[in-house]
Amino acid sequence: TAARGAAAAAGARLPSRQTAPQLARGAAAVTGAAALALGPGGGCALPSWLPPRCSYVLFVHIPKTGGTSIRTFLMNQPGFTYHMLHVDGSGKCSSRGRSELREQGPVLHWECLLQQLRTNGSFVDERPRLVLEVHGGFSNSTRLAKQLRAVAAAEPLASRDCVATSFALVREPAKFVTSNLHDSFKHSWFKHEFKQLAALHPPLPDGT
């Protein structure tokens, strides 16, 4: 899941499969949930901090590692615009992706964004600070980080002193696995199969 903690105020959850329509609905729900959780005038922006002139941040969200708290923090940094990424692995910018980019919706198609960052200085000037979230389980996040770094080293970003940053959170392995298992049994669409499996294999008389 992708929306717990701060987003729990609105009960928002992101889909477990990264399709564009589901991401759009999920990202919109998360945005609203974060706003509800923070309340009027709430936020967690760094005090006395001026945002960089040009910065693109890639947040690789590994589920069950505190990513929702980081998302809430990033969404409230002044000067930055937050988006979720749709990565389909095609290497091509679709017409839907171009439309999402024009509309500046909650979800951006990765290939379309890269295309603009590589070729369109006006786009960079208009949107110089973006925070981009991608789920680590659905894409080659290392490849995305390398692509973003390469784009920042070339024009039109290089002459604008743009900074590319990629990061992820990790968690103590045993707690990570336990949390994932608990979440799977609690929220997974396979939980009815879990119940059927338990019924077929009841505990033995000795409790094993």
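The second largest pocket holds about 150 Å³ of space. A pocket here is an open set of points on a 1 Å grid over the protein atoms alone, where a 1.4 Å probe fits, with protein on both sides within 12 Å along at least five of seven lines. Its volume is the space filled by probe spheres set on the points, which are joined across faces, edges and corners. This is a predicted model: local features need pLDDT of at least 70, side-chain atom pairs count only at pLDDT 80 or more, and totals for chains, interfaces and linings use all residues. Residues are numbered from 1 along each chain as its sequence is written, and side-chain values use heavy atoms, with hydrogens and water left out.

Which residues line the second largest pocket? They are R98, L101, R102, Q104, Q116, N120, S122, F123, E126 and R127; a lining residue has an atom within 4 Å of a point. Two are nonpolar, four polar and four charged. Ala, Val, Leu, Ile, Met, Phe, Trp, Tyr, Cys and Pro count as nonpolar, Asp, Glu, Lys and Arg as charged, and the others, Gly among them, as polar. Helices α3 (95–103) and α5 (121–126) each supply at least two lining residues. Helices (H or I, at least four residues) and strands (E, at least two) are DSSP runs, numbered from the N terminus.

Helix α3 also packs on α4 (residues 110–119), at an angle of about 65° and with axes 8 Å apart. Axes are lines fitted to C-alpha atoms, for helices over the stretch in contact, and angles run from 0 to 180 degrees between N-to-C directions. G97, R98 and L101 of α3 meet C112, L113 and Q116 of α4, where contact means heavy atoms within 4.5 Å. That contact has three nonpolar, two polar and one charged residues.

Now the sheet. Five strands form an open sheet in the order β3-β2-β4-β1-β5, with parallel pairing; strands pair if DSSP finds at least two bridges between them. β3 (107–109) and β5 (163–168) each have a single partner strand, so one side of each lacks a neighbour in the sheet. Strands β1 (residues 55–61) and β4 (residues 129–135) pair over seven bridges. H61 stands opposite H135 in β4.

Two loops deserve a look. K64, between β1 and α2 (67–75), has a positive phi of about 70°. P156 sits between α6 (141–152) and β5, and the peptide bond from E155 to P156 is cis, with omega near 5°.
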